[in-house]
Amino acid sequence: MGGDATAHTPLTRSAHPPLPMPRPQRITVPEFTAFKKGGRKISMLTAYDFPTARLVDEAGVEGILVGDSLGMVVQGRENTLPVTLDEMIYHAEMVGRAVDRALVVVDMPFPSYHLGTHKAIEAAGRILKESRAQAVKLEGGADQAGVIQALTAAGIPVMAHCGLGPQSVHQLGGYRVQRNRDQLMNDAHAAADAGAFAMVLECVPSSLAEEITAAVTIPTIGIGAGPACDGQVLVVNDLLGLTTGHVPRFVKPQADLKSEITRAVKAFGEEVRSGEFPGDEHGYA
Ligand code: KIV
């Protein structure tokens with residue numbers, strides 16, 4: 001780590017440590033839900049670590065999701081299934097410390113909410129207690145209405161996730177667009193009626209997402225669900241051009257950081273080998 005070699009600790013210490021600086025107010029769950037009524041579109045990105053979460057927050061999104069996509073994006077795994085509750089909390093805690101303005105939502109990992117409402121409250125409670133997150137997200141609609149209701153009754157805000165649920169990849173036979181209108185409508189209504197404050201719609205035809213968005217009073221946050229949703233969420237690595245494998249059609253990258261990182265690392269290696277780095281200005285007298 002860098003640091004000023006001449007820096008030293010003060011010799012005197014106040015008897016009273018300074019009061020912590022008040023942090024700016026984060027967007028609250030009710031404010032997030034109210035964006036729909038106010039006609040304000042919602043932008044949301046994933047983040048998995050402190051520096052990324054800080055940058056994303058300062059750039060001004062409304063929501064930050066600690067997604068279990070970290071299984072693939074950070075851990076290099078094949079899908080989201082191996083991610084544990086402890087791992088989600090490990091990442092959520094870093095993100096929670098970084099974020100001052102956006103609403104922070106954390107994914108409940110498989111199968112932490114499939115083991116009964118008591119265990120679901122225990123898992124979601126740990127996420128909120130240990131990470132400064134304000135809400136959890138879980139995959140499901142009608143099938144998870146009881147859990148959404150129980151968490152909400154316990155004071156734990158829930159974002160539902162309907163359409164393609166990546167945790168069900170084996171049951172679905174792959175990551176496919178979900179087109180069953182009746183089931184999707186039923187899921188959306190059930191999640192909203194159970195108390196969800198918002199819902200992700202993943203890989204749903206644009207016209208169906210538009211119908212669902214008009215049918216429910218809570219915000220729909222689309223990913224591969226077209227422009228009519230109340231908001232949009234993307235995996236931050238996809239947005240920044242950092243993804244090494246397949247990038248889905250619904251992503252519009254806004255940067256090419258992969259090339260930029262490769263360029264910078266190559267330049268460093270070449271300058272070390274040629275003796276150009278470090279120069280006199282990088283050393284100490
Ligand atoms: O895990 C995740 O990142 C997600 C979003 C892609 C919606 O669930």
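Is Asp107 buried or exposed in this structure? Asp107 is buried, with a relative accessible area of 4%, where buried stands for under 20% relative accessible area, exposed for over 50%, and partly exposed for what lies in between (1.4 Å probe, protein chains only). The structure is a predicted model, in which local features need pLDDT of at least 70 and side-chain atom pairs count only at pLDDT 80 or more, while totals for chains, interfaces and linings use all residues. Residues are numbered from 1 along each chain as its sequence is written, and side-chain values use heavy atoms, with hydrogens and water left out.

## The chain as a whole

The chain has 285 residues, of which 45% count as buried, and its C-alpha trace spans about 75 × 50 × 35 Å along the principal axes. It contains 11 helices and eight strands; these are DSSP runs, with helices (H or I) of at least four residues and strands (E) of at least two, numbered from the N terminus. Among the contacts with a separation of 6 or more, 60% come from residues 24 or more positions apart, a contact being heavy atoms within 4.5 Å.

The chain is divided into domain 1 (23-254) and domain 2 (256-285), with bounds that come from an automatic or database domain assignment. The C-alpha centres of domain 1 and domain 2 lie 39 Å apart, and the contact takes five residues from domain 1 and four residues from domain 2.

About 370 Å² is buried between domain 1 and domain 2, and carbon and sulfur atoms give 60% of this area. Buried area here is the accessible area (1.4 Å probe) that two parts lose on being put together, summed over both. On the side of domain 1, Leu240, Gly241 and Leu242 lose the most area to domain 2, and together they give 75% of what that side buries.

Between domain 1 and domain 2 the count of salt bridges is zero, a salt bridge being a side-chain nitrogen of Lys or Arg within 4 Å of a carboxyl oxygen of Asp or Glu. The residues of domain 1 that touch domain 2 divide into two nonpolar, three polar and no charged. In this grouping Ala, Val, Leu, Ile, Met, Phe, Trp, Tyr, Cys and Pro count as nonpolar, Asp, Glu, Lys and Arg as charged, and the others, Gly among them, as polar.

## Salt bridges in the structure

Side chains of opposite charge can pair when their charged atoms come close. A search of the whole structure finds nine salt bridges, and the table gives some of them.

| Salt bridge | Closest N to O distance |
|---|---|
| Arg97 and Glu93 | 2.8 Å |
| Lys137 and Asp107 | 2.7 Å |

Arg97 and Glu93 are separated by about one helical turn, because they stand four residues apart in helix H4 (residues 85-98). Arg97 is partly exposed at 40% relative accessible area, and Glu93 is also partly exposed, at 28%.

The salt bridge of Lys137 and Asp107 links distant parts of the chain, since Lys137 lies in strand S4 (residues 135-139) and Asp107 in strand S3 (residues 103-107), 30 residues apart. Lys137 counts as buried at 3% relative accessibility, and Asp107 is buried at 4%.

Arg181 is partly exposed, with a relative accessible area of 39%, whereas Asp182 is exposed, at 58%. Elsewhere, Asp86, Arg126 and Glu130 are linked in a network of salt bridges.

Lys36, in helix H1 (residues 29-37), is buried with a relative accessible area of 17%. Leaving aside neighbours within four places in sequence, Lys36 is in contact with residues including Thr213, Val216 and Asp230.

Thr243 lies in the loop between helix H10 (236-239) and helix H11 (257-274), and Thr243 is buried, with a relative accessible area of 17%. The side chain of Thr243 reaches the backbone oxygen of Asn237 at 3.4 Å, and a polar contact of 2.5 Å joins the side chains of Thr243 and Asp238. When residues up to four places away in sequence are not counted, Thr243 touches Asn237, Asp238 and Lys258.

Technical notes:
Polar contact = N/O pair within 3.5 Å; in protein donor to acceptor, adjacent residues only side chain to side chain.
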